[in-house]
Amino acid sequence: MDSMSTLSAGVEVDRERPAAGIGEEEFDALVVNYQRRIYRVLWAVLRDHDGAETLTQECFLRAYKKRHSYRAEAGVYTWLVRIALNLAADYRRNRRAGFWRRLFAHAGPGIAAGDKPGEEIEGVADGRTGAEQALIASEEVAGMWRAVAALPPRQRSVFVLRFVEEMKLQEIGQTLGLSVASVKTHLHRATMAVRQHLQSKEGCRS
Amino acid sequence: MSPHLTPEQIVDVMVGSGEAHASAHLAACAECATRLEAERHRLATFKESTEIASRRSEAYWARQTLLLSCRVAEMQRARAMTSMWVAAAAVVVLLAAALVFKLELTPRRHGASPGATVAASSNNNAKAKPQDPDELLLSRLERTLDRDAPAALAPAELVTGELRRYGPPHRKPMQGAASVTNRPKTSTRGD
């Protein structure tokens, strides 16, 4: 099983094949398995539910288009995150012009009531415990999100991939096209910046 | 100098690039270990909050999967349509090419005889300078008849044939000229 990357139960991609590609059936499994994680990464990087949702769809569409050229050198998840972060970078660039919103306005059925982004982050969604709501609303977490949002895009991506997705430094390097040393540098700067941001807020309160 | 680790050193340890001396210090110093643990707890809380905030219902993901399937199917349809149009365009181009090729070949088939080659070259001249083809043929015939060399007689015979075929019927002198053409032919043979 070492050489195999399991996409879902019974559907596997052989990582040792040099030009593996991904078949139709494997792709369906890939969507089911990874769409939540890709959405989470995009949301953490963008802090925008609409954007994260749209880009998750777009990420898998791109992956579908490029599925035959997928090389199994890196993991499937690393490959998907790379696509997602490239899309996020484009999205950030074009957000002011509203380019993506217009482009995907015809993307399909809208979001049903109860799934509207923003509701959940405010803790309004059903099924959420009081503890979870308290966690999201806690001052420290909110301050940390603000600090992460203030980071430069690359540092933010590195920070999210390391501390939210718990990816290894080497995987982050593969995803972002950086050396491990460079990843460490970005991560160090990002963590220091977040720490200082939180300390300055604490200093203001006291 | 402070005996404890600096914030940078703590972060280094968190990032995974801490020095051996920092690790040794953390093992021995409870205060620094507590500071490191607090930082890690803060990051763990951040991770947890991100997971919670980005959580969606199963129905939501089922809808997203369905939507994605629809878009993939749409993309496949569009790709199939594109392929069909490309194939149709290729067929049209091939047909057009075949038609042009056929049209180009048609005059060559009619002019398979050597006389037709002469006519074709006359046509080329006519393209450069518009001229009556009959007059052109006549002038070429006269030039041919004026020649004394025996080798020139063979084309003259061909031109006569052409004149018979294409020339106006009322031009009697031309037919006479054709008979004249034969005369020197016999004389050159030394009869």
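Which residues of H7(A) are buried? Keep that question in mind while you set up the view. The model on screen is predicted.

**Stop 1: chain A as a whole**

Select chain A and colour by secondary structure. Follow the chain along its sequence: the pattern reads β-β-α-α-α-α-α-α-α-α-α. Now colour by burial. Of the 206 residues in chain A, 35% count as buried. Contacts come next. Take those in chain A between residues at least 6 apart in sequence: 59% of them join residues at least 24 apart.

**Stop 2: H7(A)**

Select residues 153-163 of chain A, which form helix H7. This helix is mostly covered, with 9 of its 11 residues buried. Here is the reply to the opening question. The buried residues of H7(A) are A:Gln155, A:Arg156, A:Ser157, A:Val158, A:Phe159, A:Val160, A:Leu161, A:Arg162 and A:Phe163. Show their side chains before moving on.

**Stop 3: H1(A) against H3(A)**

Select helix H1 of chain A, residues 24-46. The crossing of H1(A) with H3(A) is right-handed.

Now display the residues where the helices meet. From H1(A), pick A:Leu30, A:Tyr34, A:Arg37, A:Ile38, A:Val41, A:Leu42, A:Val45 and A:Leu46. They meet A:Val76, A:Tyr77, A:Leu80, A:Val81, A:Ala84, A:Leu85, A:Ala88 and A:Tyr91 of H3(A). By class, this contact holds 15 nonpolar residues, no polar ones and 1 charged.

**Stop 4: the nonpolar cores**

The largest nonpolar core has 57 residues. Which of them touch the most other members? They are A:Ile38, A:Leu42, A:Leu80, A:Ala84 and A:Ala88. H1(A) gives the most to this core, with 12 residues.

Centre on A:Leu80. Leaving out residues up to four places away in sequence, A:Leu80 touches A:Tyr34, A:Ile38, A:Cys59 and A:Ala63. Then move to chain B for a second, separate core of 5 residues. Among its members are B:Leu141, B:Ala156, B:Val159 and B:Leu163. As background, nonpolar side chains in soluble globular proteins tend to be buried together.

**Stop 5: where chain A touches chain B**

Show both chains. Here 32 residues of chain A are in contact with 31 residues of chain B. Which elements of chain A give two or more residues to this side? Select H1 (24-46), H2 (49-65), H5 (130-137), H6 (139-149) and H9 (180-205) of chain A. H1(A) gives the most, with 8 residues. Colour the chain A side by class: 19 residues are nonpolar, 5 polar and 8 charged.

**Stop 6: H1(B) against H3(B)**

Finish in chain B. Select helix H1, residues 7-15, and helix H3, residues 30-53. Their axes lie 10 Å apart, and the helices pack at an angle of about 55 degrees. H1(B) is therefore oblique to H3(B). The crossing of H1(B) and H3(B) is right-handed.

Show B:Ile10, B:Val13 and B:Met14 from H1(B). They meet B:Arg35, B:Leu36, B:Glu39 and B:Arg40 in H3(B). This contact of H1(B) with H3(B) has 4 nonpolar residues, no polar ones and 3 charged.

Notes. Residues are numbered from 1 along each chain as its sequence is written. Chains are lettered from A and ligands numbered from 1 in the order in which they are written. This is a predicted model: local features need pLDDT of at least 70, side-chain atom pairs count only at pLDDT 80 or more; totals for chains, interfaces and linings use all residues. Helices (H or I, at least four residues) and strands (E, at least two) are DSSP runs, numbered from the N terminus. A residue is buried if 20 or more other C-beta atoms lie within 10 Å of its own, exposed if 12 or fewer, and partly exposed in between; C-beta atoms are placed from the backbone. Two residues are in contact if their C-beta atoms, placed from the backbone, lie within 7 Å. Ala, Val, Leu, Ile, Met, Phe, Trp, Tyr, Cys and Pro count as nonpolar, Asp, Glu, Lys and Arg as charged, and the others, Gly among them, as polar. A crossing is left-handed if the near helix is turned anticlockwise from the far one by less than a right angle, and right-handed if clockwise. Axes are lines fitted to C-alpha atoms, for helices over the stretch in contact, and angles run from 0 to 180 degrees between N-to-C directions. Angles under 35 degrees count as roughly parallel, over 145 as roughly antiparallel, 65 to 115 as roughly perpendicular and the rest as oblique. A nonpolar core is a set of buried Ala, Val, Leu, Ile, Met, Phe, Trp, Tyr and Cys residues joined through C-beta atoms within 7 Å.
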